[in-house]
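Reader: I have the sequence and the coordinates open side by side. Could you walk me through the packing and then the contacts between the chains?

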Amino acid sequence: VSETPGNKIQHLDEMTCLLYIERQIDRTRAQEVSLHAQECASCRTLLHALERESRLLTRAMLEEEEPLPARLAEFQERARRSVQWVWGVVFGLAATGAYALYTGYVEPWQQQLEQAGFGGSNLLSLLIFQGAFWKGWQSMITLLEVVALLTLAGFGLTFFRRRIRRSSVLALVLAGFCTVLALPGPASASEFRKGESTTINKEETINGDLFLTCGGRGHVDGTVDGDLFFFGQGLDVNGHVTGDVIVFAASVRINGQVDGNVRSFANNLTISGNVGKNVLAFNEVLNLDSAGKVGGSLTTFVESLGLDGRLGRDLFAFFQHASISGTIGGDVRAKGNTVSVSPTAVIAGPFRFEGNTPPEVSPQAKLASPVEYHKLEHKPRYMEGHYYVWRIIWTAAYILFGLALFLLVPKFAGETISAAERYGAPIGLGVLVFFGVPIAAIVACVTVVGIPLGILAIGFWILMLNCAEIVVGTVVGNWILGHATDTWEMIGRMALGFAIVRILYTPLAQVHVLGSLVGLGIWVWGMGAISLALYRRIEPVISPGASSPPLASPPLPPHTTVGGQPA
Amino acid sequence: MTAAGITEPREAIGRARAGDAEAWGELYREYAPAIFRFCRRALPTREDAEDATMEIFMKLRGKLNQYDPARSFTAWLYKVSANHCWDMLRRRKSRQDKETEEVENVPLEHPDPGQLDRLIEQRTSHEVRKALDKLGPRARMALVMRYYSDMTYDEIADELGVRRAFVGVVLLRARHELRQVLEGNAALAAGGAS
């Protein structure tokens, strides 16, 4: 019992009051306290305040303001899941074994039977390859492709299992596969052909797109009523392709007719026939023969360009050496080492050439105007004034880009910056994403059907790459100005930090190896932070409204009241 | 039945003790949210709470055979959780020795009842949770054990390693510390508003 200074009234001390309301004192002492409280308003108030404080504490602790984190929600399933993974591996191995058995034994027997005159009627072929399965798969699927497809399915499972229930995921994925495989091919369905040397005979017509893959040389002597995609050693198009030709090969010859465009990634491309539209070529050597004709424009990045035929529209070219003796119906914009224009050349539009040596132009050549020549100047980029001007312009553009991002997704931006400030995790994840995503995208593209997914992944990867410097810039801004409390403060820090990073990195980038390493570090760090923030976003949470466990409301102390009512 | 009249999943507990993984999963699903919340209140960061929750359940699985079915499962669960959290905090050696010294030597100032009543009146649960985050480990742990999991003074004394008679002092000191934080926040808010 304490005595208040200035008067002689004795009051209960706080400890006694606390022990009283917590029922931690003996009965006799409790009666004394109770009697005193009836007479003393001050002590009554103190007891009342302490009791309210207890209730407030209990309420504050019991209130559920955070959902159960995903990793805890999934924790108890881990042991079971590890067993399920074993089953998954077993299933995968069994499937691979079955496939190997089929391709190693069943298929050769089937082919032998077919050669012996029993083909086309066996049950397996009838049910699977002539029925629900689209027939092109028969020749397309290889073990590698199966593995790639399974990998894709695995990625799909891994992603979606976090969003929905496992059984639903399995049903979804299997249903998706079945749907894709069971879809009847449209009339103009694509055709897949592969082999050591593939030929589309002169009398043959392919209705739809044609995918050709071969180890040797492919020949298209017939008609492809669609696009032609080719992957192989070499390609001769002697027939007619009504769509585009997209080709990856060592050597390509277009002797026939292509109504659409030609996109070529090859060592040598020779056009002796007709191309109705445009040509885009990344080659070592490109020749448009005197008999060759391109209806549209020619855009090319080559070492050696020979243009003897007829080009309907513009030429846009980067090369080491070019020789022009044919007809160009439009402008010429070229950059390279040397260019020579023969007496037979006809160029209808202006000719602008930027190179190391002046162009050799025959006086007999028919040009719309004299060649506009600019000599290439070779000096380090950083010695040129416009390099810095462009750096400033790009810095401003990136800051603007960052501003737009911060305003569009302020919460996510904040989460990304927080993730970046953990250093270890984002850098580790960044390394994985930086190298892993392109590899995964390539694996996806190998399956052909996964091309959209692969392109999407690469697009997203590039977007992250461009955002990485903004993330790192904002972290640097935070180091200097401290942590921001709102979006505009965060934008200010981003702008300052980004500018500083650019200023420091510009001279550093000129230092061999070190510049590259620093650049890589920035990318990895920024990409990792974005990935980490994304991961946390897609990480599922158990909603606060989910069924509450019995322990969600632990028993209150018997002497406390909740909401003003006795417990 | 627990003190609050909530039925404990006796059947699941029995099966889990017998090694039934499904039953263990049921128990986890039922109790994990509450144990996570307990750890969240007792430990300084969310990550610590997540780690602790997982570790507690791993520990519980091994200790399930030690549980006496005659006693409350809930109470046993909280006891194990409190023990684990307090161990975690002690391992970090954060101000423990200094605190003990402070608790024993610094006298507690008698509060103005009216002022205390007004302070409690004005504070919200959210503010109290924020203030709890700023308390020392011992004060925080004591409050959580008492006002979240309703542990007795004997159990708290046992966990904190102090005499039973000293538990009241620890709790009262924790309340004083909490009030100081709450008053500081109020002063800051008033300063900010002016």
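This is a predicted model: local features need pLDDT of at least 70, side-chain atom pairs count only at pLDDT 80 or more; totals for chains, interfaces and linings use all residues.

Reader: Which residues have the most contacts inside the largest nonpolar core?

Author: Those are Phe38(B), Cys39(B), Phe73(B), Met141(B), Leu143(B) and Leu160(B), in a core that has 84 residues. Helix α2 of chain B, residues 21-42, gives the most to this core, with 12 residues.

Reader: And what does the second, separate core include?

Author: That core has 48 residues, among them Leu228(A), Val252(A), Val279(A) and Ile328(A).

Reader: Switching to the interface, how many residues of each chain are in contact, and what area is buried between them?

Author: On the side of chain A there are 49 residues, in contact with 60 residues of chain B. The area buried between the two chains is about 5,000 Å², and carbon and sulfur atoms give 60% of that.

Reader: How many salt bridges are there between the chains?

Author: The count is 8 salt bridges, and one of the salt bridges joins Arg179(B) to Glu53(A), with the closest N and O atoms 2.8 Å apart. Counting residue pairs in polar contact between chain A and chain B, both at pLDDT 80 or more, gives 19.

Reader: Which element gives the most to the side of chain A that touches chain B?

Author: That is α3(A), with 16 residues. The residues of this side of chain A divide into 26 nonpolar, 10 polar and 13 charged.

How values were computed:
Residues are numbered from 1 along each chain as its sequence is written. Chains are lettered from A and ligands numbered from 1 in the order in which they are written. Side-chain values use heavy atoms; hydrogens and water are left out. A nonpolar core is a set of buried Ala, Val, Leu, Ile, Met, Phe, Trp, Tyr and Cys residues joined through side-chain atoms within 4.5 Å. Buried means under 20% relative accessible area, exposed over 50%, partly exposed in between (1.4 Å probe, protein chains only). Helices (H or I, at least four residues) and strands (E, at least two) are DSSP runs, numbered from the N terminus. Contact means heavy atoms within 4.5 Å. Buried area is the accessible area (1.4 Å probe) that two parts lose on being put together, summed over both. A salt bridge is a side-chain nitrogen of Lys or Arg within 4 Å of a carboxyl oxygen of Asp or Glu. A polar contact is a pair of N or O atoms within 3.5 Å; within protein, one must be able to donate a hydrogen and the other to accept it, and residues adjacent in sequence count only if both atoms are side-chain atoms. Ala, Val, Leu, Ile, Met, Phe, Trp, Tyr, Cys and Pro count as nonpolar, Asp, Glu, Lys and Arg as charged, and the others, Gly among them, as polar.
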